[in-house]
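Please look through the model below with its sequence at hand.

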Amino acid sequence: MTMSRPALLLLLILLLALPLGVVQAQQATAHPWQSLTPAEQDMLSPLRDKWDNLSPHRQNHMLKRAEHWVTLPPRRREEIRERIARWQRMTPVQRARTRRELERFHRLPPERQAELRAAFRRFQQLPPDQQERLLRQWHSQSPADRREWLHHMGPNGALPPPDMRPFGGAGGGGMDGGRLGGGGGGPSGHR
């Protein structure tokens with residue numbers, strides 16, 4: 001039996017598309033919390049109460065991230081857990097503001113992003129009393145003063161962390177009331 005060209009072409013297309021459909025179907029499979037390994041449950045514990053309500057796509061994304069996270073040193077894993085828990089405690093408004101600031105930060109030139117990340121790392125390495133003093137100074141400044149400080153910050157300057165208003169801080173949105181010089185946001189925390 002000979003097949004016509006259009007029928008052969010259709011068959012070929014269907015055969016080539018079949019593996020793609022199987023892969024997509026596998027990716028869309030939900031993973032109930034109880035089906036996760038103990039290591040996955042440990043890493044994803046901040047999401048425990050919401051896990052079964054996440055879309056299968058989102059569950060798969062988080063499981064892929066968990067595969068990577070379990071290869072990280074314990075200290076780094078704890079930092080990630082804390083970040084996930086902090087994100088879960090945020091309101092939708094706070095999450096939206098954080099996303100906007102992160103987008104603004106990513107629009108900065110790479111050199112400026114590097115400067116801000118380096119300054120933030122220097123801040124994190126300061127003794128707690130110096131961090132508190134810088135934070136008090138930062139929060140007492142007007143947005144214009146904050147912009148000026150950021151603009152003139154030298155290579156050894158330490159930058160206070162972004163305003164943590166969603167977690168109890170005071171002041172404007174972001175590191176300078178939402179008006180960072182150059183249209184930026186804060187250090188992203190991505191490494």
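Two residues are said to be in contact when heavy atoms of theirs lie within 4.5 Å. This is a predicted model, in which local features need a pLDDT of at least 70 and side-chain atom pairs count only at pLDDT 80 or more, while totals for chains, interfaces and linings use all residues. Residues are numbered from 1 along each chain as its sequence is written, and side-chain values use heavy atoms, with hydrogens and water left out.

The protein contains nine helices and zero strands, where helices (H or I, at least four residues) and strands (E, at least two) are DSSP runs numbered from the N terminus. Of its 191 residues, 29% count as buried, a term that stands for under 20% relative accessible area, with exposed meaning over 50% and partly exposed the range in between (1.4 Å probe, protein chains only). The accessible surface, computed by the Shrake-Rupley method with a 1.4 Å probe, comes to about 12,600 Å², and 58% of it belongs to carbon and sulfur atoms. Among contacts between residues at least 6 apart in sequence, 59% join residues at least 24 apart.

Confidence should be kept in mind while reading the model. The average pLDDT, which is the predictor's confidence in each residue on a scale from 0 to 100, is 73 for the protein, and 64% of the residues score at least 70.

The interior comes next. In soluble globular proteins, nonpolar side chains tend to be buried together. A nonpolar core is here a set of buried Ala, Val, Leu, Ile, Met, Phe, Trp, Tyr and Cys residues joined through side-chain atoms within 4.5 Å. The largest one has 13 residues, of which Leu36, Leu44, Leu47, Trp51, Met62 and Trp69 touch the most other members. Helices α4 and α5 each supply at least two residues of this core, and its largest share, four residues, comes from α4. Within α4, the residues Gln59, Asn60, Met62, Leu63, Ala66 and Trp69 are buried. Leaving aside neighbours within four places in sequence, Trp69 is in contact with Met43, Leu44, Met62, Arg77, Ile80 and Ile84.

Two loop residues complete the picture. Ala30, in the loop between α1 and α2, is partly exposed, with a relative accessible area of 44%; not counting residues up to four places away in sequence, Ala30 touches Pro56 and Gln59. Gln141 lies in the loop between α8 (128–140) and α9 (143–152) and counts as buried because its relative accessibility is 18%. Apart from neighbours within four places in sequence, Gln141 is in contact with Arg146 and Trp149.
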